[in-house]
Amino acid sequence: MKVAHRIVLHFPPAATDQPIIYRLSKDYDLVFNILKASVSPQEEGLMVLDLSGEEADYQRGAEYLRKHGVQLQPLVQDIRKNDDRCVDCGACVGVCPTEALTLERPSMRVLFDPDQCVVCGECVPCCPVEAMELRF
Ligand code: SF4
Ligand code: SF4
């Protein structure tokens, strides 16, 4: 049976310079389409992709990723910033890998650009007032 998943991959620093995605295709016969990526050598990386193939191959490919320390999570549907709650503390700006959250100067307001967001969820736990809301 064929399956298709949209997933977020979190790469540890040691895995960012390895041809892991290439291996998924070559060794596990999976088809991938990278939607967004933020990966630098020797730093943690993040990638959003569509991955499809036979169910058994997908499971083996997922196991291969986990063995290399790559975390998989299903892509959640949506994220929004609740401006009524946000106190512009800036804590989320530093954790956002894609600069979807930025500090506007000189107003010092934190702005959210949904087009840059890969819905990784990193900003959610770091917000002290729960202004970043995940919607499933
Ligand atoms: S979920 Fe949050 S941290 Fe992740 S890309 Fe979107 S705004 Fe940035
Ligand atoms: S961490 Fe929360 S309160 Fe602080 S700027 Fe980000 S969204 Fe606003």
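Let's start with two helices: H1 and H2 pack at an angle of about 145 degrees, and their axes lie 10 Å apart. Axes here are lines fitted to C-alpha atoms, for helices over the stretch in contact, and angles run from 0 to 180 degrees between N-to-C directions. Helices are DSSP runs of H or I with at least four residues, strands are runs of E with at least two, and both are numbered from the N terminus.

Before going on, a word on the source: this is a predicted model, where local features need pLDDT of at least 70 and side-chain atom pairs count only at pLDDT 80 or more, while totals for chains, interfaces and linings use all residues. Residues are numbered from 1 along each chain as its sequence is written, chains are lettered from A and ligands numbered from 1 in the order in which they are written, and side-chain values use heavy atoms, leaving out hydrogens and water.

Which residues make the contact? From H1 come Ile20, Arg23, Leu24, Asp27 and Tyr28, and from H2 come Asp57, Arg60, Gly61, Tyr64 and Leu65; contact means heavy atoms within 4.5 Å. By class, that gives five nonpolar, one polar and four charged residues. Nonpolar covers Ala, Val, Leu, Ile, Met, Phe, Trp, Tyr, Cys and Pro, charged covers Asp, Glu, Lys and Arg, and the others, Gly among them, are polar.

Now look at the two tyrosines. A search of the whole structure finds one aromatic pair. The ring centres of Tyr28 and Tyr64 are 5.4 Å apart and the planes stand at 40 degrees, so this pair is tilted. For the cut-offs, rings of Phe, Tyr and Trp (its six-membered ring) pair if their centres lie within 6.5 Å; planes under 30 degrees apart are stacked, over 60 edge-to-face, and the rest tilted. Are these tyrosines buried or exposed? Tyr28 counts as buried at 14% relative accessibility, and Tyr64 is buried at 13%. Buried means under 20% relative accessible area, exposed over 50%, and partly exposed in between (1.4 Å probe, protein chains only).

On to the ligands. Ligand 1 is surrounded by 14 residues, the closest being Cys96, Cys117, Cys120, Gly121 and Cys123. Around ligand 2 there are 13, with Cys86, Cys89, Gly90, Cys92 and Cys127 the closest. A residue is near a molecule if one of its heavy atoms lies within 4 Å of it.

Finally, the whole chain: it has four helices and eight strands, and 35% of its 136 residues count as buried.
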